[in-house]
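Here's a quick briefing to read with the model open. Have a look at the fold first, then work through the notes below.

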Amino acid sequence: MEPFEVDAFGLFDKQWALVSAGTLKNFNTMTISWGGIGTLWSRPVATIYVRPSRYTFEFLEKNDLFTVSFFPEKYKKDLGVLGSKSGRDCDKIALTGLTPKSISQSVTFEEASAALICRKIYYQDLDSEQIPREVLASYYQTKDLHRMYIGEVTGVLR
């Protein structure tokens, strides 16, 4: 696998990304700003967090593969749309300038500067008892706790 060198702390928080699951015929994507890249069980991994209320959650549950796609700054507005609209309610891809494309039985976008192809190897719901009270008050007033997914990175597309 080719090297993937990034600003590990700014990659998700400042740059954002799209997580996508499903096939080109039936997929959903959403913007994420929480995640990480590292190593687990001697494997390269990407970690993402998705709330069960999000439409993309259903696709992550049904599929073994997902992608994490990164974009140049000029696509930030499109990522904003994909993070604020639901694929349940509209064709949110049509509201952007992004072009979906098939990759390893999943989906990424032509405009992505890089995409990680991930195979789910672990998931777990966050435990409210282990989350600091101030974080619960800021992010989880509705009790819609994220599920953490860890995917083994099986490929990097640039």
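Predicted model: local features only at pLDDT ≥ 70, side-chain atom pairs only at ≥ 80, totals over all residues.

Residues are numbered from 1 along each chain as its sequence is written, and side-chain values use heavy atoms, with hydrogens and water left out.

**Cavity and pocket**

- The lining of the largest cavity is made up of Gln15, Phe71, Pro72, Glu73, Tyr75, Lys76 and Leu79.
- On a 1 Å grid over the protein atoms alone, a cavity is a set of points where a 1.4 Å probe fits but cannot get out, while a pocket is an open set with protein on both sides within 12 Å along at least five of seven lines; lining residues have an atom within 4 Å of a point.
- The largest cavity has a volume of about 40 Å³, and the count comes to one cavity of 30 Å³ or more; grid points are joined across faces, edges and corners, and a volume is the space filled by probe spheres set on the points.
- The largest pocket holds about 250 Å³ of space.
- Of the 15 residues lining the largest pocket, Met30, Thr31, Ile32, Ser33 and Arg54 lie nearest its centre.
- That pocket lining splits into eight nonpolar, five polar and two charged residues, and strand 2, strand 4 and helix 2 each supply at least two of its residues.

**Overall fold**

- The protein chain has three helices and nine strands (DSSP runs numbered from the N terminus: helices are H or I, at least four residues, and strands are E, at least two).
- Along the sequence, the pattern goes β-β-β-β-α-β-α-β-β-β-α-β.
- The radius of gyration of the protein chain is 15 Å, close to the 15 Å that the globule rule gives for 158 residues, so it is as compact as a globular protein of that length (taken over C-alpha atoms; the rule is 2.2 Å times the number of residues to the power 0.38).

- Seven strands make an open sheet in the order 2-1-5-8-9-4-3, with antiparallel pairing (two strands pair if DSSP finds at least two bridges between them).
- Strand 2 (26–32) and strand 3 (35–40) are the edge strands, each pairing on one side only.
- From one strand to the next, the twist averages 35° (axes are lines fitted to C-alpha atoms, for helices over the stretch in contact, and angles run from 0 to 180 degrees between N-to-C directions).
- Strand 1 (residues 17–23) pairs with strand 5 (residues 65–70) over four antiparallel bridges, and Leu18 stands opposite Ser69 there.
- Helix 2 (residues 76–84) packs on the sheet, touching strand 1 and strand 2, and its direction makes about 110° with that of strand 2 (contact means heavy atoms within 4.5 Å).

**Hairpins**

- Strand 3 and strand 4 run antiparallel, joined by six bridges, with Gly38 opposite Val45.
- Their hairpin has two residues between the strands, and Trp41 in the turn has a positive phi of about 55°.
- Strand 6 (residues 100–103) and strand 7 (residues 106–109) pair antiparallel over four bridges, and Lys101 stands opposite Thr108.
- Two residues also sit between strand 6 and strand 7 in their hairpin, where Ser104 takes a positive phi near 45°.

Methods:
Nonpolar A, V, L, I, M, F, W, Y, C, P; charged D, E, K, R; others polar.
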